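Welcome! Take a moment to turn the model around on your screen, and then let us walk through some of its features together.

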Amino acid sequence: MSNLNSGDLAAIWQITIKSMVDEELISQTACDLWVKECRLDSLDSETAVFAVENEMKRNIIADRYSEMLASQICKVIGYKPAIVIITDLSMAPEIVRLSHALYPTDIVRQREEASRDAAVDAAALAEDDNTEMNALIREAYPGIVHDDEDRSAPAAEPVSSERRLTYNEDYTFDNFVVGNSNQLAHAAALSVADNVGMKINPLFIYGPSGLGKTHLMYAIANRALKRDPNMKVIYVKGEEFMNQLIEAIRVKSNAAFREKYRRADMLLIDDIQFIAGKESTQMEFFHTFDALYEDHKQIIITSDRPPKELTTLEERIRSRFEAGLITDIQPPDYELRLAILKNKAQHNHMDVPMDVIEFLANNLQSNIRQIEGVIKKLGARNLLSGLPISMDMVITTLPEYLRDSEPVGDTVTRILEIVARRYKVTSQDILGSSRKKEIKNARNVAMYTVRVITKMSLPQIGAIFSRDHSTVHSNITMVESALTTDPLFEATVTEIMKEVKRVGG
Ligand code: ADP
Ligand code: MG
């Protein structure tokens, strides 16, 4: 892997960064502050070398993020490298670099100063000083609504959590693939985007993680912002919204809190299931909600469950939610998985053969985030090795998704356990020499199941059961003929097969 050029390294690094943020292992702000500007300098079979601009960054990354970096890179390239971080002053801002060039003898002093300044920044950050934090965040995020726009907001509020959205092309309706499981949510979202605050309010989207709730929420905002770039859209995570609310109540700034949110034309509350159960909080939430609602401000809420299952929620808030539109997103069916795989492959300019697409659509059933992750991994693998994407690559890159890749020994153990349970005997009985009828039956069924599921040869199976291959053969033949004549037996064996496959998935 020594032939990676800087373009390859940059691409691998981009994929790694995006997956860290997507999987919410690091906040966007922390990523922008510490991780994003690192440069992946080299990558071989053992070590990933990163360069950063100064000692402070080096220390922070080494302390807090190196383990995460190693495991994320592992997800991309298939093995876990040791992380080495070096400093490269040429990465520092222009002005520092220039002064080095002009006064080479001063480099040491400059370095000391740079790292002292950096240490001051770090200390300020560590203390969570809002002024320092805001300055840094302001640089990283020109779009954020800041405390200084609203002096009365609670002082302890983490600014990064609540974002004034600007147009963002990652999550749009254009790149949202519609299928049976999400078409109602999609239609509702589209209608909201085109009739902000006027038609469906609030819009409540629920469903399990990784199925596109946040994507749809952003898509609404993006579409509305494209039409009207001045629209004020505030995005906040449910948990954070609640924390702010609790704090506002504590410092008695309810009115200010309400006012702040009231200035939004569109309020997005993502993952509201973390809503607190306290009565005072709910009352304030109710009033905030009402104020926005009365002003025809658009409210969009997502949750992992429907309002009626938000058990700590007061009845009148629930009925407010229910007054709008509640729509769910279900796990994708095969057709949608197929369409999403094709879409993501195309989007990433990857050439993925149809057998691979079909295989993945069959095996990646639970969520779309996972599908995206797998496509990214294959893309990185393709880039690194120069090999075309193929089933061979899938097998070596993604063993965790392959039921067939389970060590055969584990499958056999499981088959023995499942059959033993059905026949109320033990695995030892099955492997032993008893000729009792139910043990013999269990043994024959186990041999048959092992043969069908693992496709082992007769002598291999014989070795497991301490029988010669002709005994294995005649036992399996016996089972096969009983299957055609005895429906009850057939049902039992089918159940066993199903169970073996289910546990394996
Ligand atoms: P949730 O908020 O429901 O946990 P997200 O909206 O974060 O899920 O979606 C997870 C990932 O899957 C995102 O990268 C998103 O772009 C992608 N995704 C989800 N649904 C779709 C879809 N229908 N079409 C294309 N990409 C999707
Ligand atoms: Mg989400």
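## A covered strand and its partners

Let us begin with strand E5 (residues 203–206), which pairs with E8 in the parallel sense over four bridges. Two strands count as paired if DSSP finds at least two bridges between them. Helices (H or I, at least four residues) and strands (E, at least two) are DSSP runs, numbered from the N terminus. Within this pairing, Phe204 stands opposite Ile301 in E8.

Is strand E8 (residues 298–303) mostly covered or mostly uncovered? E8 is mostly covered, with six of its six residues buried. Buried means under 20% relative accessible area, exposed means over 50%, and partly exposed lies in between (1.4 Å probe, protein chains only). In a regular strand the side chains alternate between the two faces of the sheet. In E8, Gln298, Ile300 and Thr302 are buried on one side, and Ile299, Ile301 and Ser303 are buried on the other.

## How to read this model

This is a predicted model, in which local features need pLDDT of at least 70 and side-chain atom pairs count only at pLDDT 80 or more, while totals for chains, interfaces and linings use all residues. Residues are numbered from 1 along each chain as its sequence is written, chains are lettered from A and ligands numbered from 1 in the order in which they are written, and side-chain values use heavy atoms, leaving out hydrogens and water.

## A three-stranded sheet

Now look for an open sheet of three strands, in the order E1-E2-E3 and with mixed pairing. Strand E1 (39–43) and strand E3 (82–87) are at the edges with a single partner strand each, so one side of each has no neighbour in the sheet. E1 and strand E2 (residues 47–52) run antiparallel and are joined by four bridges. Along this pair, Arg39 stands opposite Ala51 in E2.

Helix H1 (residues 6–22) lies across E1 and E2, at about 115 degrees to E1. Helix H3 (residues 55–77) lies across E1, E2 and E3, at about 145 degrees to E3. Contact here means heavy atoms within 4.5 Å. Axes are lines fitted to C-alpha atoms, for helices over the stretch in contact, and angles run from 0 to 180 degrees between N-to-C directions.

## Around the ligand

How many residues surround ligand 1? There are 18, and the closest are Val177, Gly210, Thr214, His215 and Glu372. A residue belongs to these surroundings if one of its heavy atoms lies within 4 Å of the ligand.

Some polar contacts (pairs of N or O atoms within 3.5 Å) can be picked out. A polar side-chain atom of Asn182 is 3.3 Å from a nitrogen atom of ligand 1. A polar backbone atom of Gly212 lies 3.1 Å from an oxygen atom of the ligand, and a polar side-chain atom of His215 lies 2.7 Å from an oxygen atom of ligand 1.

## Details in the loops

Two loops are worth a visit. In the loop between helix H7 (183–194) and E5 you will find Pro202, which is joined to Asn201 by a cis peptide bond with omega of about -5 degrees. Asp271 lies in the loop between E7 and helix H11 (279–294). Phi of Asp271 is near 60 degrees, a positive value in a residue other than glycine.

How values were computed. Polar contact = N/O pair within 3.5 Å; in protein donor to acceptor, adjacent residues only side chain to side chain.
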